[in-house]
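Here is a brisk report on one protein chain. Look over the sequence and the model first, then read on.

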Amino acid sequence: MQASSNSISNVLHTLQTNQLSVAGFVQGLLNSKEPHHHIGRDSLLRNAGNICSLLYHQESAHKSVTKWAIPAVEMDLGEFGGHRAEDWEEVVSDSGGDTKMKPKKKQVRAAERNAALMVIKAVVCISIFLQNSNERCNYLQGMLGFFYHSTSVPEKVIETLAHAGLSISISSIHSAVQSVSNQMSVRIRRAVRSLQSAFAYDNFDIDFKTEQPTLEHRSNFVSATSATVIPLFGVNSTDQLRCSQWIWERDPRNPALPLNPPHPLFIELKTMMRLHKDDTHNKQPNPTRPSPRQEAFAWHVREILVHHGQHFRHFEKELCEPAPVERIPLHKTEQVPCRAMNIKQSTTDGNVEVMENLLRQGGIGDPNSGDFDKDHDIDMSEHVILVHGDLLTKERLDTVSDSRRIETTAKNRLQYVIFLPGLFHYKMACADAL
């Protein structure tokens, strides 16, 4: 052992004297074409397996060896499991005229895909083994069961997959769906009953096609409605949205107002003039300097010249970010999906049914209504609710509000609805007005 250690020390000293590292020596020996170097090269090739095994068991080299080995094996197998010469190309090295074989991009993508498939198959196999030893270790099987349920996989197929360890049983799937539905109902009620959330809804269509349609069994086209609850950012008290009566007293639909009430635009004219007077974004702080709005316009012109022009690329490093104006604070917007409703939302009556359904899902309502549960529901008659949707939804809700203006309760005349169109629909309305 002492003699072997001395020999290794002598070899390392010789390599250091010749300004060579061990890795550089091995690489040079493998790449050498000198005839008298073949003895050392053949020795390395014969013991390549042992060397790789020793490197693999070294804790510091384990990760790098594994990272190299898996793509290397996949690269050699190819996309269809074989080494093909047409998948490789010759590349000239940067140091000289030597050429080496390099896989094409198609082969690289195939290797990455095969490596990912190997990981997926390993996870599936391990999950099957875990569930076989403990039925509660069924995370993968539960996810696949939900997927089968959502895609209407036949029950016989699910039973077969459950016996193979690739799904939970049908009864477990139904129990899981019911449990998730109950949890979502609790979340919906918690968000809506806070009276600090908004609704957003829109229609969606589903075409249930029949494999062999006949007169008795035709394809079924369903137009339904989906909705979500959006907790409002910055609204921390229920009193902030308790303004339904105040808005109704100024609403042109209110029959108690004079016969010729002033137009809403004239009511807000003083407020708009005050905002214009207090605005500092359009005013020049100094006669020799442009206003903040002009500076923003100038920045956009420079940005177009630098990024889209042909002769100003060299100014890219000097192009800074524009000065922020009333920056919106960054926050994470949460939402709680509501249950889908088998209601045709494109009609006026459909929008009324959607709003009634959303109020029932959220557990809020008017105490004067017959369906109000005094033990569980929350009174929302004095509050407003922000509702988001497209322009057709706004037209339908406005029609309902106009026709119900003489109702006695705020809920029946949809007094609580404050409609806010989406940004896209708002821009479309502005473009149509122009």
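## The paired strands

Asp-207 stands opposite Phe-221 in E4. Another pairing in E4 puts Ser-223 as the bridge partner of Asp-205. These pairings belong to strand E3 (residues 197-208) and strand E4 (residues 220-231), which run antiparallel over 12 bridges. Strands here are DSSP runs of E with at least two residues, helices are DSSP runs of H or I with at least four, and both are numbered from the N terminus. Two strands count as paired if DSSP finds at least two bridges between them.

E4 also pairs with E5, again antiparallel, through 2 bridges. Val-229 has Val-336 in E5 as its bridge partner.

## Ground rules and overall make-up

This is a predicted model: local features need pLDDT of at least 70, side-chain atom pairs count only at pLDDT 80 or more, and totals for chains, interfaces and linings use all residues. Residues are numbered from 1 along each chain as its sequence is written, and side-chain values use heavy atoms, with hydrogens and water left out.

The protein chain holds 16 helices and 9 strands. Of its 434 residues, 24% count as buried. Buried means under 20% relative accessible area, exposed means over 50%, and partly exposed lies in between (1.4 Å probe, protein chains only). The accessible surface comes to about 32000 Å², and 58% of this belongs to carbon and sulfur atoms. Accessible areas come from the Shrake-Rupley method with a 1.4 Å probe; for residues, only the protein chains shown count as cover.

What share of the contacts with a separation of 6 or more comes from residues 24 or more positions apart? The share is 56%. A contact means heavy atoms within 4.5 Å.

## Helix H14

H14 covers residues 348-362. Its 15 residues should span 21 Å at 1.5 Å a residue, and the end C-alpha atoms are 22 Å apart, which agrees. The expected span is 1.5 Å times one less than the number of residues.

H14 is mostly covered, with 11 of its 15 residues buried. Among them are Val-352, Val-354, Met-355, Leu-358 and Leu-359. The buried set also includes Asn-351, Glu-356, Asn-357 and Gln-361.

Both ends of H14 have details to check. Thr-347 caps the N-terminal end: a side-chain oxygen lies 3.0 Å from the backbone nitrogen of Gly-350. Just after H14, Gly-363 takes a positive phi of about 75°.

Thr-409 sits in the loop between helix H15 (391-403) and strand E9 (417-421). Is Thr-409 buried or exposed? Thr-409 counts as buried because its relative accessibility is 15%. Its side chain makes a polar contact of 2.9 Å with the side chain of Asn-412. A polar contact is a pair of N or O atoms within 3.5 Å; within protein, one must be able to donate a hydrogen and the other to accept it, and residues adjacent in sequence count only if both atoms are side-chain atoms. Leaving out residues up to four places away in sequence, Thr-409 touches Asp-366 and Asn-368.

Leu-414 is in the loop between H15 and E9. Leu-414 is buried, at 5% relative accessibility. Leu-414 has a positive phi of about 55°, although it is not a glycine. Most residues other than glycine have a negative phi.

Gln-19 lies in the loop between helix H1 (2-17) and helix H2 (22-31). Gln-19 is exposed, with a relative accessible area of 75%.

His-174 lies in helix H9 (residues 170-193). His-174 is partly exposed, at 43%. His-174 and His-149 are 25 residues apart in sequence and 8.7 Å apart in space, C-alpha to C-alpha.

## Cysteines

How many disulfides are there? A disulfide is a pair of cysteine sulfur atoms within 2.5 Å. By this rule the count is 0. Cys-320 is exposed, with a relative accessible area of 55%, whereas Cys-338 is buried at 12%.
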